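Please keep the sequence and the three-dimensional view at hand while working through the points.

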Amino acid sequence: METALSDTPRAPASAPDAVLQLRVPAERGALEPARLAVLRFLQPWALGARALFNVELVLEETLVNASLHAFDGPGPHAVALRVQVQPDAVLLRFEDGGRAFDPLQAARRAPPASIADAQPGGLGLMLVRRLARSVEYRRLDGRNVLTIAVARG
């Protein structure tokens, strides 16, 4: 079972469109190493706390959903993650060979009326939609390609 992340060299910190690419195993244990790799990569850009929080939330929700719901049968399965820093946004691109799932077409759940009515799960997509500047989904050659832009400011 693959547990380590594999990454490709990144552009120097001074590059306007620096990129990090990771192959993240589709398992919950891979989330923390992926999160730490992304945070190390973003460190030279000194993003504010809000932008970093939004990046982390998008990363966690998307990778956890892929590990829990995207694949049929035993693995190993992986998600290709591409993080690109642009002047006004951080782009996170997730690509996997799992079942087709367009998060933009998923029904929006109404928030619970009270704590007693709350059910675990199902609100992550709502949070991602709310915190992202943009969300784009495509199905290309049997693969899910989800691109989420998070504002840098």
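At roughly what angle do the axes of helix α2 and helix α3 cross? The axes of helix α2 (residues 49-70) and helix α3 (residues 124-131) cross at roughly 145° and come within 10 Å of each other. The structure is a predicted model, and the points below describe its overall plan before turning to selected residues.

**Overall plan**

- The protein contains three helices and six strands.
- Read along the sequence, these elements follow the pattern β-β-α-α-β-β-α-β-β.
- The protein has 153 residues, of which 37% count as buried.
- Among contacts between residues at least 6 apart in sequence, 64% join residues at least 24 apart.

**The crossing of α2 and α3**

- The crossing in which α2 passes α3 is left-handed.
- On the α2 side, the contact is made by F53, N54, L57, V58, E61 and N65.
- On the α3 side, the contributing residues are G124, L125, L127, V128 and L131.
- The residues of this contact divide into seven nonpolar, three polar and one charged.

**V58, a residue of the contact**

- V58 is found in helix α2, and V58 is among the residues through which that helix meets α3.
- Is V58 buried or exposed? With a relative accessible area of 0%, V58 falls under the 20% limit and is therefore buried.
- Leaving aside residues up to four places away in sequence, V58 touches L92, F94, V128, I148 and V150.
- One of these neighbours, V128, also belongs to the α3 side of the helix contact.
- V58 and L131 are 73 residues apart in sequence, and their C-alpha atoms are 8.1 Å apart in space.

**An aromatic pair**

- The count of aromatic pairs comes to one.
- This pair is formed by F41 and W45, whose ring centres are 5.4 Å apart.
- Why is the pair described as tilted? The planes of the two rings stand at 50°, so the pair of F41 and W45 is tilted, because planes under 30 degrees apart would count as stacked and those over 60 as edge-to-face.
- Both F41 and W45 are buried.

- Q84 lies in strand β3, which spans residues 78-85.
- The relative accessibility of Q84 is 13%, so Q84 counts as buried.
- Which side chain does the side chain of Q84 contact? The side chain of Q84 makes a polar contact with the side chain of R82, at 3.2 Å.

**Positive phi values in loops**

- Most residues other than glycine have a negative phi.
- A46 has a positive phi, near 45°, although A46 is a residue other than glycine.
- The place of A46 is in the loop between α1 (31-42) and α2.
- At 64% relative accessibility, A46 lies over the 50% limit and so counts as exposed.
- D141, another residue other than glycine, has a positive phi near 50°.
- Where is D141 found? D141 is found in the loop between β5 (134-140) and β6 (143-151).
- The relative accessible area of D141 is 81%, and D141 is therefore exposed.

How values were computed:
Residues are numbered from 1 along each chain as its sequence is written. This is a predicted model: local features need pLDDT of at least 70, side-chain atom pairs count only at pLDDT 80 or more; totals for chains, interfaces and linings use all residues. Side-chain values use heavy atoms; hydrogens and water are left out. Axes are lines fitted to C-alpha atoms, for helices over the stretch in contact, and angles run from 0 to 180 degrees between N-to-C directions. Helices (H or I, at least four residues) and strands (E, at least two) are DSSP runs, numbered from the N terminus. A crossing is left-handed if the near helix is turned anticlockwise from the far one by less than a right angle, and right-handed if clockwise. Contact means heavy atoms within 4.5 Å. Ala, Val, Leu, Ile, Met, Phe, Trp, Tyr, Cys and Pro count as nonpolar, Asp, Glu, Lys and Arg as charged, and the others, Gly among them, as polar. Buried means under 20% relative accessible area, exposed over 50%, partly exposed in between (1.4 Å probe, protein chains only). A polar contact is a pair of N or O atoms within 3.5 Å; within protein, one must be able to donate a hydrogen and the other to accept it, and residues adjacent in sequence count only if both atoms are side-chain atoms. Rings of Phe, Tyr and Trp (its six-membered ring) pair if their centres lie within 6.5 Å; planes under 30 degrees apart count as stacked, over 60 as edge-to-face and the rest as tilted.
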